[in-house]
Structures are given as structure tokens and as C-alpha cells.
There are 2 protein chains.
Amino acid sequence: MFDIQQINEAIKERKARYVGLQFPEGLKRKGPEIAKTIESDTGATVIISGDPCYGACDIDEGLLDMVDVLFHFGHSRLSDDDRIVFIEYYHEVDVSKAIETALPMLGQRVGIVTTVQHIPMIEHVERLIREAGKTPVLHKGDSRITYPGQLLGCNFSAAPADVDSILYVGSGNFHPMGVQLATKIPVIAADPFTGEARKVDVERIMRQRYAVMAKAMDAKRWGIIIAMKSGQKRLELAKRIKATAGDAVLISIHEIAPDRLLSFKVDAYVSTACPRVAIDDAGRFNVPVLTPVEFDIIKGLRSWDDLAFDEIRGE
Amino acid sequence: MFDIQQINEAIKERKARYVGLQFPEGLKRKGPEIAKTIESDTGATVIISGDPCYGACDIDEGLLDMVDVLFHFGHSRLSDDDRIVFIEYYHEVDVSKAIETALPMLGQRVGIVTTVQHIPMIEHVERLIREAGKTPVLHKGDSRITYPGQLLGCNFSAAPADVDSILYVGSGNFHPMGVQLATKIPVIAADPFTGEARKVDVERIMRQRYAVMAKAMDAKRWGIIIAMKSGQKRLELAKRIKATAGDAVLISIHEIAPDRLLSFKVDAYVSTACPRVAIDDAGRFNVPVLTPVEFDIIKGLRSWDDLAFDEIRGE
């Protein structure tokens, strides 16, 4: 599944004595076997990161400082630090059935977007769209994006604007909803794991977000959250929001958890951390947690019609 | 409660533009008010650490790297880093009633131990013991200990050996149990908040720990936890345990939580992190989590009679 040979070579080439491994949740169980293989092949001491890892933005800096090289699995490169080696992870699941189901729902010009696990399938998806007499459109995202058509949970810059519909290849709701809100173009989500396809509906999430925003409108004291993760740290944005909020304090957090937010006596939070946290964990928070976009809306700096997911954009 | 004037002066003296504040859980609610006062007095931008903080070992390194000075509240100095200012916190509760209750339970030579919150009361405690015709004994701990008689949850080096009984002033069970296990001298715990005193009983905790150790004796695959917190990082100890364990992997963790331990397919853990975690959270873990002391016992490197809490000792 991963090319251990390539990893071993990188270790030998760097003469690394201490090696770090970082996996997203779904791949962590493979950690101990990989660690043992590397140790017996190279003689290096391997340390696995046991902290949660939700993206390429989420580098274990503490571990990085302890080792000579850190292998970060499952995400594409998002850092210039050459002590980190990114090992991508591709799902080998066939996308054909899901695309077939999606085809009748698509317009003439079809933008293609996906997450890194399905990137190797993109050429095949283009071919299927062309064979159906439609035009596939792939857009290169900004500097934080490695591949044309690739989405991050915090970056939809690879979604094309000049198309009739967008085809999202992958599972989950967050990415396709984000694309639809960002582009206002209909998105068809094709899930290769189930073979199903569906038109993405953003109405429910918008209602939920409007409800959270309404609750936050009475807030007097604000907490502005700054993430401590390398790819999420947005201090200048946090300071701008603090100045607008008035009675507000800056709070730095490594892992945003409901009980950590209860420690402070504030009425509402704005999270400048990973844009998914405010949305995905909304039901677990006892106080409203807004994204910067939503904060701007309730402060009248942006229109209510312009609700979108927060993004961390590159150049 | 805290000397804000002194904090403001330290900020001005250092010409600090960014200021970090770190509080233990019980003091976090005071954070926003203190932050606002400092900001309006000095013009600096203040960031409060929102992550849990359990001791002076638990410095928010990420925040420290973002600011010019970090004020760490509630714990005594345990770091040479001069970017950190430790602001101790003292309880003003009177200890007299609890000591009076304790006196009849004490021998002739009485060792005195306490936590940093009650350190200013120690002279008064000595006087009360002397007035009762007994001899108070204060012992200077090792290099990690700031005051004679001061305990940390991971360091009982200030507990005297040459006494008939030890008087623990403070609340909670962990510290006095640790002292009793470390010294094998009877410990009387005097709680200034309730005015009560009691003989410390270690039998229940020993039974619990023996049960966890018994469960771990069948473990084939081990995870050896290394803490990422500055004052808890014990890599060499972890490597020594890994070598003894055989089939074992090193796992680095910032905050040890039950779900993080479930991510890996191992049968048992040894935690070289904060010694309290394995003990205090035992009921929440689905796999046995041993301290290094307990691991040595089940591997035959230490006697079963010699069960003690793990300590992080200085020089």
C-alpha cells in the first residue's frame, strides 16, 4: 500500500537516526507495522505521532523537532519544510459506476473536482465525460493546491467558474457543499464507494448556520480562536476580527474541543482555525462558534446571501 | 489576586508587543479580564492559551514561539527559558484548623510537605507543630523543586525520610498517596479547605494498580508513550522500556486521551508522560496503561512490594 522501499531509501540518504511517522485517523492502525518494518530495515528509531491529524496543515511540530525526518502520510504537500516527506495515499476503488450514474445529471461543460485520494482517477473521469459527449474542465487551484481539480476542506480554488455543473468525485458532504456555496454552480457528488450520485443540497446546512449566527448576534464578549497548527495559523485575520468585535480576547488552541471553550467566560467564538471545525462540530459546542465569513455577515460586512464556507487561500 | 502592576512592568521592560497568558484549568475563567487589563494598560496584543495546562511542565510551546513573553500562572518555575515568567498562585485559606485536627495523629518528628499554593503557610504550620511540642522537619527537594517541603505530582523529593510521620497540607489524594508510597512513612493529610485531617490509605490504589498490571502481563504488542510537553519528555527512558518490551513502538502524544490510544493496535501502553495520567485516568482507558515503575515490576526488574508512583526527578 505504501512504498516502504522509497521510505527506507529516504532515511538512508538523509542518514536519519530518528524518524517520525504521522498518519490521519483512518491510517493510524497501520502505524505500528510500518514502524517496525522501518526499524528493522534501517536501524533508525521510529516515533509515531499519537495526536489526531486532520490534514497537511496539521504537522506535528513537536515530533518534527525531535526527529531527523518526518513522513506525513495521506495528504499532499503543503509545506516547504524539507524535513517533511509527504506520502500520498490513493484509493484504488473504481469510479466508473458512480460517474455513469452522475452523467445524466450533468450539463454540457463539466468541472471536475476531487480529493487527493482519487487524483489518479481523474484522467479516467475526463475520458468518461468526453465519451458521453460532454466537455470536462479541470482548473488549477492556487498555491496551496498540488493537483488540478484537487480540493482541500479549506480550499475550493480548483473549482472552475465557467461551467454548467461541477462533478465531485468522492465521499462525504463537506467538500461538495463547500464547492456549491463558493461557486453557486450546481454540484453533483459521485461516490465511488457506493456507486451512487446525487445533486448536492446546501439548504439544510445554510439553515443550521443561520441559526448559529442568529444566536451569536446577542454576544457581548467574544473569544477569537487562533489555531496553533502550522497551516492554520491566521493571526492577522484574528486581530482584524478582534478589532471589529470590540469586547474580545484572542485564544490560541491546538485542538478545539467543547470543554476547552467552556473554560472561558465568553458568549461566542469566532474560529480562525480549520474551517471545518465550526461546521462539523457545531452540535457539540455549548456556545455559538462562527467562521470569519459568518462573523462578517452578522457584523454587516458581508451580505447574508453570501454565506460560504471559510477558506484558507494561497496565492 | 495577581499583581497586574508587576506583569505590566515586565511587559514594558521587555518592550513586548505580543504577550501570552497560560492558566491551569481552575484559573482560566480569569483569563479574559486579565488579558483586557493588560492590553489597555500596555498596548500589547495578548493571546490566552486555550489548551489544558496541568503543571509547570506543561508549557504551551506553540504559543511561546508566537509571543515575546509568556506569563505562566499558578505554578512555580520549572524552566530556564527566560521568555517565560512564572506567576505563582497562593490560596489564602487558613490552615490552623486542619493542623489542629492533624496534631494528635502525628509522631514526634514531623515532616511537612505541601503544594505550591500553600507554601506561604509553611512557617505557620512549623510554629503550630513546635507549639504542640513536636519537631517540624522541612526537606529541600531536588533541582526541579523551588521551595523546601514543596511537592509536584511527579516529584516527592522534598519528603523527608528521617521522621516518624509526614504531614501533608492540601487537598486531593494523589500527592499524599505518592509520598506514602515513596517513603513508606505514615502520611497524615490535613485539608485546609475542610479543616479535616485523615491518615492516608494506599491500599485501594495499590489494589487497583496491581489489577491493571495483572491485565498487562499478557500483552504481546506494546506502545511506549512519549509526552511532547517540555517538562515531561523522557525519550531515553522510553527507548530503554521499548528495548525491554520487545514487540513495541514509540508513540508521541501531546494530550493522552482514551480515543487516541485506541487508534493503534497494541495490547498495552507504558506512559513515560506525566505520571498522574496512568493513575488518574485509569478508569477511562480500554487497554492497560502502566507507569515505567509498574512495567519494571511486571518484567521482574523491580519487586512487587516496591510499587510506587512514577516520578520525574531532577538533580
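User: What should I know about the model and its numbering before we start?
Analyst: It is predicted: local features need pLDDT of at least 70, side-chain atom pairs count only at pLDDT 80 or more, and totals for chains, interfaces and linings use all residues. Residues are numbered from 1 along each chain as its sequence is written, chains are lettered from A and ligands numbered from 1 in the order in which they are written, and side-chain values use heavy atoms, with hydrogens and water left out.

User: OK. What is the strand order in the open sheet of eight strands?
Analyst: The order is 13(A)-12(A)-10(A)-11(A)-2(B)-1(B)-3(B)-4(B), and the pairing is parallel. Strands here are DSSP runs of E, at least two residues; helices are runs of H or I, at least four; both are numbered from the N terminus. Two strands pair if DSSP finds at least two bridges between them.

User: Which strands are at the edges?
Analyst: Strand 13 (289-290) of chain A and strand 4 (84-87) of chain B. Each pairs on one side only.

User: And what holds paired strands together?
Analyst: Strands of a sheet pair through backbone hydrogen bonds, either parallel or antiparallel.

User: How many bridges join strand 11 of chain A and strand 2 of chain B?
Analyst: Three, in the parallel sense. A:I251 stands opposite B:I48 there.

User: How about strands 1 and 3 of chain B, how many bridges?
Analyst: Four. Strand 1 covers residues 18-22 and strand 3 covers residues 69-73, and they run parallel. B:Q22 stands opposite B:H72 in strand 3.

User: Which strands does helix 1 of chain B touch?
Analyst: Helix 1 (residues 4-13) packs on the sheet and touches strands 1, 3 and 4 of chain B. Contact means heavy atoms within 4.5 Å. The helix makes about 160° with the direction of strand 3 of chain B. Axes are lines fitted to C-alpha atoms, for helices over the stretch in contact, and angles run from 0 to 180 degrees between N-to-C directions.

User: Helix 2 of chain B, which strands there?
Analyst: Helix 2 (residues 31-42) touches strand 11 (248-253) of chain A, plus strand 1, strand 2 (45-49) and strand 3 of chain B.

User: New topic. How much area do the two chains bury?
Analyst: About 3600 Å² between them, 56% of it on carbon and sulfur atoms. Buried area is the accessible area (1.4 Å probe) that two parts lose on being put together, summed over both.

User: Which residues of chain B lose the most area?
Analyst: B:R29, B:M66 and B:F264, together 16% of what that side buries.

User: How many residues are in contact?
Analyst: 42 of chain B with 42 of chain A.

User: How many salt bridges between the chains?
Analyst: Six. A salt bridge is a side-chain nitrogen of Lys or Arg within 4 Å of a carboxyl oxygen of Asp or Glu. One joins B:D247 and A:K36 (2.6 Å, N to O).

User: And over all chains?
Analyst: The count comes to 40. Among them is A:D65 with A:R83 (3.6 Å, N to O). A:D65 is in helix 3 (residues 61-66) of chain A, and A:R83 is in the loop between strand 3 (69-73) and strand 4 (84-87), 18 residues apart.

User: Last one. What about the sheet of five strands in chain A?
Analyst: That open sheet has the order 6-5-7-8-9, with mixed pairing. Strand 6 (135-137) and strand 9 (196-199) of chain A each have a single partner strand, so one side of each is left without a neighbour in the sheet.
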